[in-house]
Amino acid sequence: MYALIDGNNFYVSCERVFAPRLLGKPVVVLSSNDGACIARSNEAKDLGVKMAQPWFQVRRLEKTAGLIAVSANHELYGDMSARMMAIEARYAPRQEIYSIDESFLDFDGVRDDLVAVGRHMRAAILQETGIPTSVGFGATKTLAKLANNIAKTADRKPGSYPAGLAQVCDFGRLPRDELDALFAATDVGAVWGVGRKTTERLKAGGVHTVLDLLRADITTLRRQFSVVLEKRCASCTAPRACRSTMRRRHASRSSCRARSARPSRRSTASSRPSASSPRARPSACASKAASPAPSASTS
Amino acid sequence: MDSPDDFADGAPVGRDGPAAPPVRRTSSAFGTPGIDSTVRRHDLNDVFIRHQDATFMMRAAGSDMRGDGIDDGDTLLVDRALTAQHGSVVIAVVDGELRVRRLERAGAGRGRRAGVRLVADAPVAPIEITEDAPLEVWGVVTTVIKSLL
């Protein structure tokens, strides 16, 4: 089993740790030079602020809805990220840090109650760093990402999914029919690697939910879309199928001269999904204790 | 200047001269117990920080906590992994702000209700913890660093 843990609205959560007055208020973090919103609190999302939306477009909400904008403090986020990752690393033998606020943990061979492990880990991160997180467990990384998405959505929008899946969601524990019900309630765009354009095309072809995608003919998917989508789809059903597909893909690549001469197209397609959030690496430069020192008032 | 070859003939060797390298590349001399048994120098992180991932530095502002040894401008080490107890100096969230206070759990006494309060030096009024204003401890202050310069 893989787990994907990520920070909820990570940059906003980092700011809130040191400025509790921001809790419960609509907050956005702005990119360098205050150009665009790169993180939004749930309240800001509810106001309709979109990811990467330019600040000038939402600026009016400052006066009308009490939106608070904060300039990005990347040193702080890097330090908080390093703390979060270190805490997560206590829970599993292997960790892959995927972005500033996401990491995969490999629970292969771990036989504990994973939901309990997930809740414990979440509580430890919240207590020690103040960052709220979501945890998803799945047999593949794609499924872990999807489970994480459901854990987060169930927490943010009560009623969207069963309440028991909020914050920590373990696909491995659910029977097939419940899993299918979840997949039927989840938009196909939520699958890792299925971007905006692919979603549009899939929907035009009648594939609206994750369940539709799983029931679609896999060879048609490959022909009309890409091997990447086929791989994504396969890794939603069975981890073994996913692996064999990957192997085939690599074989065809090395035997096809035209493609290896122009590797850029394929490698772009197979690289990480569209980066709507900045994927800064956690910096190791700041010493653990030497985080930016905010002041605490005694008066 | 890390190899013996760097010492030219007649170069001054002593307090003001270049320090001798701790380990010579050629074993032309006997071993020295002082070199063989070197230990790692104390690292203040190890000495003062119990939970590396949960400890933050903060700068105190104001002098309401002088009685607990915290002056304006002191650096505080704050551990979020510890649970606050009676008598702990804590960073508490009060009205959306971080404040240094001492946590006291007191029984009912003369003109005083039983309960938890956050106190500072008199005449600062203690903050009573009630159901309407629940206690929010951000972290426990473990160490106060004062710079004498």
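Predicted model: local features only at pLDDT ≥ 70, side-chain atom pairs only at ≥ 80, totals over all residues.
Let us look at the helix itself. The buried residues in α5(A) are A:Tyr77, A:Asp79, A:Met80, A:Ser81, A:Ala82, A:Arg83, A:Met84, A:Ile87 and A:Glu88. As to its length, α5(A) has 15 residues, which at 1.5 Å a residue should span 21 Å; the end C-alpha atoms are 21 Å apart, so the model agrees with the expectation.

I will take one residue as an example. A:Ser81 belongs to helix α5, residues 74-88 of chain A. Why is A:Ser81 classed as buried? The count of other C-beta atoms within 10 Å of its own is 26, and the class requires 20 or more.

I turn now to the chain as a whole. Chain A contains 15 helices and nine strands. Of its 299 residues, 37% count as buried. If we take the contacts in chain A between residues at least 6 apart in sequence, 55% of them join residues at least 24 apart.

In soluble globular proteins, nonpolar side chains tend to be buried together. Here the largest nonpolar core comprises 61 residues, and those with the most contacts inside it are A:Ala3, A:Tyr11, A:Val28, A:Ala147, A:Ile150 and A:Ala151. The element that gives the most to this core is helix α7 of chain A, residues 141-156, with seven residues. Another core, of 20 residues, lies apart from it; among its members are B:Ile70, B:Val100, B:Leu103 and B:Val141.

To return to A:Ala147: leaving aside residues up to four places away in sequence, A:Ala147 touches A:Gly136, A:Phe137 and A:Gly138, and also A:Cys169, A:Asp170 and A:Phe171.

A:Val28 brings us to a sheet, for A:Val28 stands opposite A:Ala69 in β4(A). Three strands of chain A form this open sheet, in the order β3-β2-β4, with mixed pairing. The edges are taken by β3 (37-40) and β4 (68-71); each has a single partner strand, so one side of each is left without a neighbour in the sheet. From one strand to the next, the twist averages 30°.

How do the two pairings run? Strand β2, residues 27-30 of chain A, is parallel to β4(A), and four bridges join them. β2(A) and β3(A), by contrast, run antiparallel and are joined by three bridges.

Finally, a word on confidence. The model scores ipTM 0.74 and pTM 0.76. Chain B averages a pLDDT of 81, and 77% of its residues score at least 70. Over residues 1-18 of chain B, however, pLDDT stays under 50, and the model has nine contacts for that stretch beyond four places in sequence.

Technical notes:
Residues numbered from 1 in each chain as written. Chains lettered and ligands numbered in written order. Helix = DSSP H or I, 4+ residues; strand = E, 2+ residues; numbered from the N terminus. Buried ≥ 20, exposed ≤ 12 C-beta atoms within 10 Å, placed from the backbone. Core = buried A, V, L, I, M, F, W, Y, C linked by C-beta atoms within 7 Å. Contact = placed C-beta atoms within 7 Å. Pairing = 2+ DSSP bridges. Axes fitted to C-alpha atoms, helices over the stretch in contact; angles between N-to-C directions. Expected span 1.5 Å × (residues − 1). pLDDT = per-residue confidence, 0-100.
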